[in-house]
Amino acid sequence: MADKRKTVTYGDVGVDITAGAELVDRIRSATDGTHRPGVASGIGGFGAVFDLAATGFRDPLLVAATDGVGTKLRIAVETGDHSTIGIDLVAMCVNDLIAQGAEPLFFLDYFATGALDVAAAAQIIEGIAEGCRRAGAALVGGETAEMPGLYRAGDYDLAGFAVGAVERDRVLPRTDIAAGDVLFGLASSGLHSNGFSLARRIAETSGLQWSDPAPFSPEQSLGAACLTPTRIYVGACLNAIRTTGAIKALAHITGGGLVDNPPRALPDHLAAEIDLDAIEVPPIFAWLAATGPVAEREMLRTFNCGIGMVAVVDANAVDDVQRQFKTDGEETVELGRVVPRDAEPVVFRGRLSLGG
């Protein structure tokens, strides 16, 4: 006797394979726009092929990094603006690569959601492609996962994976870092992608909606200000490394802020002495500190406070380095010096200009 029960499909449980195929077709032009020497395959295969020999490195080491964008995703979901979150994803990975002196070669993403919204997903991946263009990396593939029951409607998660290369004799940090070297800070574009759990709590307790004018920047909404994408420092830092020969180390200022990240680029016997008076703190940080309220030490350990990358520079080449960064459009500030370490790996002088 024939089984007359109604058959079920993958679509019945919330997974739309057709939508996934539509997304691949929609983003193909965006990924094609990130092509660079070394790419030896297109998207859609079971893996990506990259020819390292085609990049011109003579004795390369590979450097890999993975990261996400944390709860900044919630603001993108709640505002419906997914256009820049992909840039953040790339930035968080490639800025870690350049901190080791590595040139980004290729990037892969992981995008997971409960039910695929092709328009939103396309915005996200087009942002990832834009981030890759800014970093000089090829977007060679990724994974889109529909997982009904794990995510609420509209929610999603992102992870990024970047691979770069650096000549064996140019790996950062260098071994010749010494007391007296100068610390340069490269200005951030805003919150970047760290501290958003605290920033969101402060925004909530302030009574403001994401659509309300930002108190510190009334010409834009609070949501738009918070979604300002993370600055990608790759091109400027690569140029400074190669043209001046004076960059000894780089520290990407992410989670842990200026308290925890500069020491990661220094040997154990040295410390970073940072002059907080030298930092031009963007208004968003002053607003967070006042509205929280948040103490200065907590600000320094949670947020970048206006400095997205710290460079350790040979004291004899300060002018050359500053000139090169300026040529590449980076705002820089002389933050302080490398000093012999006593107790703390970072010594702060002065105060952050947080108002009030």
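These are my notebook entries on a predicted model of one protein chain.

**Ground rules**

I number residues from 1 along each chain as its sequence is written. In this predicted model I need pLDDT of at least 70 for local features and 80 or more for side-chain atom pairs, while totals for chains, interfaces and linings use all residues, and side-chain values use heavy atoms, with hydrogens and water left out.

**Whole chain**

I looked up the secondary structure and found 11 helices and 12 strands. Helices (H or I, at least four residues) and strands (E, at least two) are DSSP runs, numbered from the N terminus.

I then checked the radius of gyration, taken over C-alpha atoms, against the globule rule of 2.2 Å times the number of residues to the power 0.38. For 356 residues a compact globule would have a value near 21 Å, and the chain agrees at 22 Å. Along the principal axes, the C-alpha atoms fill a box of roughly 85 × 55 × 35 Å.

Of the 356 residues, 51% are buried. I use buried for under 20% relative accessible area, exposed for over 50% and partly exposed for in between (1.4 Å probe, protein chains only).

For contacts (heavy atoms within 4.5 Å), I took pairs with a separation of 6 or more; residues 24 or more positions apart account for 84% of them.

I also looked up the charges, counting Lys and Arg as positive and Asp and Glu as negative, without His and the chain ends. Each charge is placed at NZ of Lys, CZ of Arg, CG of Asp or CD of Glu. The mean positions of the 29 positive and 46 negative charges are 2 Å apart.

I found a cis peptide bond between L172 and P173, with omega about -5°. P173 is in the loop between β4 (156–167) and β5 (182–187). Another cis peptide bond joins G292 and P293, with omega about -15°; P293 is in the loop between α9 (283–291) and α10 (296–302).

H192 is not a glycine, yet has a positive phi of about 60°. I place H192 in the loop between β5 and α5 (196–206), where H192 is buried at 2% relative accessible area. C305, also not a glycine, has a positive phi of about 55°. C305 sits in the loop between α10 and β10 (307–313) and is buried at 0%.

**Salt bridges**

I searched the whole structure and got 18 salt bridges, each a side-chain nitrogen of Lys or Arg within 4 Å of a carboxyl oxygen of Asp or Glu.

One of them joins D181 and K248 at 3.1 Å, N to O. D181 lies in the loop between β4 and β5 and K248 in strand β8 (residues 247–252), 67 residues apart. D181 is buried at 5% relative accessibility, and K248 is buried at 5%.

E330 and R231 form another, at 2.9 Å, N to O. This pair ties together parts 99 residues apart in sequence, because E330 is in the loop between α11 and β11 and R231 in the loop between α6 (222–226) and α7 (234–244). E330 is buried at 7%, whereas R231 is partly exposed at 29%.

**E331**

I looked up E331 as well, in the loop between α11 (318–327) and β11 (332–340). E331 is exposed, at 60% relative accessible area. Not counting residues up to four places away in sequence, E331 touches G185, L186 and A187.
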